[in-house]
Amino acid sequence: MKFTPSVVIDAPTYYVDHFNGRFNIDKCVILRNMQLESDPELMTISLRHLPHPVHILDLTNNELTEFPNLRDNKDIHTLLLSRNQISQLNGDYLPHHLTHLVICNNNIISFEQLNGLQNSPKSLESLQLRGNSVVHLEGYREYVLRLVPNLRILDYARVTDQERERSKKVGLSDGGIHPNIIPGIMSRDKDMEMMHMVIDKMSEERRKELNEQLTNATSLEEINRIEKLLSGGVWNT
């Protein structure tokens, strides 16, 4: 489906009931489950028709292959892009004050594809990449932290001081950042193994149920909870 101005203008919106202790203040625009395709020029023009202000943009479950160009947007703090076909990550396209970025279950398989995150806004604190093959590579978390040092949360897990220290050992090269071999880091940690066991054992009926819940979600917390379940995570209540 073409990413046209009318699609953006007609998109449903809602106000998040509660976010960071504030009430009825964060406006979310929903453009998920529409099979929207990437067309850089048309997408940029269309997104100029977003209501002002909008704080959360939900583009989950479409056919996008790259980030939409939102670099001139100063209001969006949360961008939801899970279950697309994204393989190019251009941090220059992200909103100026973005805090939360969710790109689970896309086509990110190598460290090289992550390099564009180096240009992400310094405000970015939370990044979710679960469901992409790259998360299984040795030194993955340290590599991402070398690219985006201000992160506090990566894949729903708090960044530790030890990870920050190890990320400093990741070197630079002419072709961008490359990971040094860091002793003691395994390609798959126990938590990741457990999470993939969970998703592998999940029935098709359960997955459909979660997808329906995601479609009808009415809060950011609920969206994050369901996204985590669908990407193989374990939600602690």
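Residues are numbered from 1 along each chain as its sequence is written, and side-chain values use heavy atoms, with hydrogens and water left out. Because the model is predicted, local features need pLDDT of at least 70 and side-chain atom pairs count only at pLDDT 80 or more, while totals for chains, interfaces and linings use all residues.

The protein contains eight helices and ten strands. Both are DSSP runs, numbered from the N terminus: helices are H or I with at least four residues, strands are E with at least two. The protein has 237 residues, and 48% of them count as buried. Buried means under 20% relative accessible area, exposed means over 50%, and partly exposed lies in between (1.4 Å probe, protein chains only). Among contacts with a separation of 6 or more, 57% join residues 24 or more positions apart. A contact means heavy atoms within 4.5 Å.

The largest nonpolar core has 44 residues. Such a core is a set of buried Ala, Val, Leu, Ile, Met, Phe, Trp, Tyr and Cys residues joined through side-chain atoms within 4.5 Å. L31, L57, L101, I103 and L114 have the most contacts inside the largest core. The elements α1, α2 (40-47), α3 (111-114) and α4 (140-147) each give two or more residues to this core. Its largest share, five residues, comes from α4. I103 touches several residues beyond four places away in sequence, including F67, L81, I86, L89, L127 and L129.

Helix α4 is mostly covered, with seven of its eight residues buried. These are Y140, R141, E142, Y143, V144, L145 and L147. The UniProt record, in an unreviewed entry, places the feature "domain: U2A'/phosphoprotein 32 family A C-terminal" at residues 137-155. UniProt positions follow the numbering used here, feature names are shortened, and annotations may be inferred rather than shown by experiment. The span 137-155 is 42% helix and 11% strand, and its end C-alpha atoms lie 14 Å apart.

The structure holds one aromatic pair. The rings of F111 and Y143 have their centres 4.2 Å apart and their planes at 15°, so the pair is stacked. Rings of Phe, Tyr and Trp (its six-membered ring) pair if their centres lie within 6.5 Å; planes under 30 degrees apart count as stacked, over 60 as edge-to-face and the rest as tilted. F111 sits in helix α3 and Y143 in helix α4, so the pair ties together parts that are 32 residues apart in sequence. Both F111 and Y143 are buried.

Two further residues were examined. M1 is found in the segment before α1 (5-9). M1 is partly exposed, because its relative accessible area is 44%. Its C-alpha atom lies 7.0 Å from that of M34, although M1 and M34 are 33 residues apart in sequence. Beyond four places away in sequence, M1 touches V7, M34, Q35, L36 and E37. N73 lies in the loop between β3 (56-58) and β4 (78-80). N73 is buried, because its relative accessible area is 17%. Not counting residues up to four places away in sequence, N73 touches L50, V54, P95 and H96.
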